[in-house]
Amino acid sequence: MKLPALTSFHFFTVAAQTESFVQAARLLHVTHGAVSRQVRQLEEAIGIELFERRNRAIFLNDAGRELYNVTRPFFEQLEGALHRLQREAREEVLVVSCEPTIAMKWLIPRLPDFHASHPNLRLQLLAAGGPIDFTRAGADVALRRDDFYWGETIHSATICEEWIGPVCVPALWTAGQQFDDVRLLRSTTRPLAWDNWMRLADVVPAGATWVEYEHFYLCIQAAAAGLGVSMASFLMVQDELKSRQLIAPFGFRRDGSRYCLLSPRPFDESSKCKIFLDWITQQMAETIQQCRASY
């Protein structure tokens with residue numbers, strides 16, 4: 001059996017919903033006669049009457065109700081799918097690759113502000129660090145610290161300077177204390193962070209014990225658990241410092257490195273990349289201003 005045209009099923013569904021050709025015509029923006037003809041063509045094609053017609057009124061019969069129970073959810077799902085497709089077509093997607101600890105501790109808590117400011121730009125976040133192949137990763141931009149060479153084909157914009165310092169729970173540190181007999185937590189992904197800070201601060205830990213964790217995030221969690229003193233970026237520990245879960249007894253210092261936003265093409269050639277660059281630059285500037293004001 002060849003199915004009648006989809007239009008006939010659509011007109012029938014609206015007529016069945018309203019049980020009125022006149023009301024259906026208004027909803028469909030057609031004439032009363034057009035609805036009546038489409039419904040009659042459907043009935044003739046399947047060989048079954050779907051309505052009882054009495055004194056210019058129509059009422060679904062048993063066959064009509066059975067068919068309506070099928071067509072109603074079908075058109076509701078079709079309408080919902082079209083709505084989603086149209087909404088997604090209006091939205092742009094920006095894929096951002098970001099170092100894991102910065103993503104968790106700094107970027108993600110600020111994303112509600114980004115979404116509120118740019119509701120038609122949907123952001124997808126990839127947690128990754130180090131060199132990036134944009135084609136393979138499928139990323140539009142990448143937030144990285146400049147601890148590797150990314151080549152002349154990559155476009156970069158400086159977001160902010162890096163500020164680092166030791167952090168620990170208040171109970172682990174007293175005024176005037178030094179690093180003797182203290183556990184120092186070191187990240188294997190940034191093994192020189194402590195060395196750089198000690199050179200800048202002119203500090204030499206005499207009897208400290210070193211404990212290594214794979215990521216900065218794990219070092220910060222271990223410090224918050226009272227397991228030792230961790231080196232940290234100010235970007236990573238703002239919330240813990242505000243709540244006094246962690247303290248920074250020596251404050252924070254610029255270590256000479258910086259965070260950059262990387263892109264495989266000039267930022268001005270992509271409106272969505274330029275929007276994100278402007279937004280994250282402002283957010284980072286506010287963060288660093290807080291660091292300078294506090295330390």
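Helices (H or I, at least four residues) and strands (E, at least two) are DSSP runs, numbered from the N terminus. The structure is a predicted model, in which local features need pLDDT of at least 70, side-chain atom pairs count only at pLDDT 80 or more, and totals for chains, interfaces and linings use all residues. Residues are numbered from 1 along each chain as its sequence is written, and side-chain values use heavy atoms, with hydrogens and water left out.

We begin at the surface. A nonpolar patch is formed there by L6, F74, L78, L82 and L85, which together have about 460 Å² of accessible area. Residues in such a patch have over 30% relative accessible area and no salt bridge, and nonpolar side chains (Val, Leu, Ile, Met, Phe, Trp, Tyr) are joined within 5 Å. With four residues, helix 4 (residues 62–90) gives the most to the nonpolar patch. L78 lies in helix 4, and its relative accessibility of 33% is why L78 counts as partly exposed (between buried, under 20%, and exposed, over 50%, with a 1.4 Å probe and protein chains only).

We turn next to a pair of helices. Two packed helices are described by the angle between their axes and the distance between the axes. For helix 1 (residues 6–18) and helix 3 (residues 32–46), the axes come within 8 Å and cross at roughly 115°. Helix 1 and helix 3 are therefore roughly perpendicular to each other, a term for angles of 65 to 115 degrees.

Finally, A57 is located in strand 2 (residues 57–60). A57 counts as partly exposed because its relative accessibility is 26%. V22 is 35 residues from A57 along the chain, and their C-alpha atoms are separated by 9.8 Å.

Methods
Patch = residues over 30% accessible without salt bridge, like charges linked within 9 Å, V, L, I, M, F, W, Y side chains within 5 Å. Areas by Shrake-Rupley, 256 points an atom, 1.4 Å probe, with all protein chains shown as cover. Salt bridge = Lys/Arg side-chain N within 4 Å of Asp/Glu carboxyl O. Axes fitted to C-alpha atoms, helices over the stretch in contact; angles between N-to-C directions. Parallel < 35°, antiparallel > 145°, perpendicular 65-115°, else oblique.
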